[in-house]
Amino acid sequence: MEENWSTEKRTPTFHLGDVAHLQAEIHTGSHVPLRLFVDHCVATPTPDQNASPYHTIVDFHGCLVDGLTDASSAFQAPRPRPDTLQFTVDVFHFANDSRNMIYITCHLKVTLAEQDPDELNKACSFSKASNSWFPVEGPADICQCCSKGDCGTPSHARRQPHVVSLGSGSPARDRRHVTEEADVTVGPLIFLDRTGDHEMEQWALPADTSLLLLGTGLAVVALLTLTAVILVLTRRCRTASHPVSASQ
C-alpha cells in the first residue's frame, strides 16, 4: 500500500531504507464476521518459501520478529476492520544476491471475530522504547511468549489449508464452510540501491508488468487475500452445501 494506506502501490519497486506497507485482507461477503491473523511470514529470493537464503518476518503465531532489529516493522493498531491487518517492514535485500528481489509468503488464518485473541491467534509488535511486546488487540500477556520464542505448535510447520465449519449450532445444511488458513505469496518486490539501478527500474516500472507477475493483480500492494482460496477449496469440499459468497 501507499504510505497513507488508502491506495495500492502502483509499482513493485523499492529502495533500501524505504518502508514497505503491507495489508492482509479477507473478503467475507455474507459470511459471519471473521478476524484475520498473519500467523507466519518469510521472505525468500524465489516464490519457494523453503528456499535459501530466507528471512523470517513474522513467527510464533503472530509475533512480528522483524521488529526486534528494525524499528519501523510493526503491526498497525487499531485495525481498520477485524478482517484486515496492516503492518510495515523495513526494506532489505539478501546480501550477495544479484537478483535484488524477494517474495513474501505469509500463512494467514481466521477466527470468528467474537473470539478473543490468544497465544495462537494474535498480532504482536515489539517496542524498542519499552523493550516489550504489545498486541493489536487483546490482553498484553498473549505476547509474552514472543520473548520466549515458544507460542505453542511451531507456526512454520508444514500444514495444508483445511476446510472447517464456522457457524452456530444450526443443522449442517445451514452451516457455511470456509478455509480457516492458507499460504499466500506476493512478489517479486524489486529493491534498488539509493544510487539507482536504471536498467532494473525500467523493467519494473510498468504497472501492467507488475500485475502480470503477481497474477492476482495484488502487486506490491501486498493485498494478501484468502478469497480465491476460500472459493476454490469450498467448491472442492463435497460436503459443503452453501459456498461462501465473496467479492473481490
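A disulfide here is a pair of cysteine sulfur atoms within 2.5 Å. Keep in mind that you are looking at a predicted model.

**Stop 1: Cys124 and Cys143**

Select Cys124 and Cys143 and show their side chains. Their sulfur atoms lie 2.0 Å apart and form a disulfide. Which hand does this disulfide have? The torsion about the S-S bond of Cys124 and Cys143 is about -85 degrees, so it is left-handed. Cys124 sits in strand β8, while Cys143 belongs to the loop between β9 (132-135) and α1, so the bond ties together parts that are 19 residues apart in sequence. Both ends are tucked away: Cys124 is buried, with a relative accessible area of 0%, and Cys143 counts as buried at 0% relative accessibility.

**Stop 2: Cys63 and Cys146**

Now select Cys63 and Cys146, which are joined by another disulfide with an S to S distance of 2.0 Å. This pair links distant parts of the chain, 83 residues apart: Cys63 is in the loop between β4 (55-58) and β5 (74-75), and Cys146 is in helix α1 (residues 144-148). Look along the S-S bond of Cys63 and Cys146: the torsion is about -80 degrees, so this disulfide is left-handed. Cys63 is buried at a relative accessible area of 0%, and Cys146 is buried at 6%.

**Stop 3: Cys145 and Cys151**

Next, pick Cys145 and Cys151. Their sulfur atoms are 2.0 Å apart, in a disulfide. Here the torsion about the S-S bond is about 100 degrees, so the disulfide of Cys145 and Cys151 is right-handed. Cys145 and Cys151 are buried.

How many disulfides does the structure hold? It holds four. Number the bonded cysteines in sequence order and the pairing reads 1-3, 2-7, 4-5, 6-8.

**Stop 4: Lys122**

Finally, select Lys122, in the loop between β7 (101-112) and β8 (124-127). Show what surrounds it: Lys122 touches several residues, including Phe37, Phe60, Ile142 and the cysteines Cys63, Cys145, Cys146 and Cys151. You have already visited those cysteines.

Lys122 is buried yet has no salt bridge. Which side chain of opposite charge is nearest to Lys122, and how far away is it? That is Glu119, at 6.6 Å. Now show the backbone as well. The side chain of Lys122 reaches the backbone oxygen of Glu119 at 2.5 Å, and a polar atom of the Lys122 side chain lies 2.8 Å from the backbone oxygen of His61.

Definitions and conventions. Residues are numbered from 1 along each chain as its sequence is written. This is a predicted model: local features need pLDDT of at least 70, side-chain atom pairs count only at pLDDT 80 or more; totals for chains, interfaces and linings use all residues. Side-chain values use heavy atoms; hydrogens and water are left out. Helices (H or I, at least four residues) and strands (E, at least two) are DSSP runs, numbered from the N terminus. Buried means under 20% relative accessible area, exposed over 50%, partly exposed in between (1.4 Å probe, protein chains only). Lys and Arg count as positive and Asp and Glu as negative; His and the chain ends are not counted. A salt bridge is a side-chain nitrogen of Lys or Arg within 4 Å of a carboxyl oxygen of Asp or Glu. A polar contact is a pair of N or O atoms within 3.5 Å; within protein, one must be able to donate a hydrogen and the other to accept it, and residues adjacent in sequence count only if both atoms are side-chain atoms. Contact means heavy atoms within 4.5 Å. Lists of a residue's contacts leave out its neighbours within four places in sequence.
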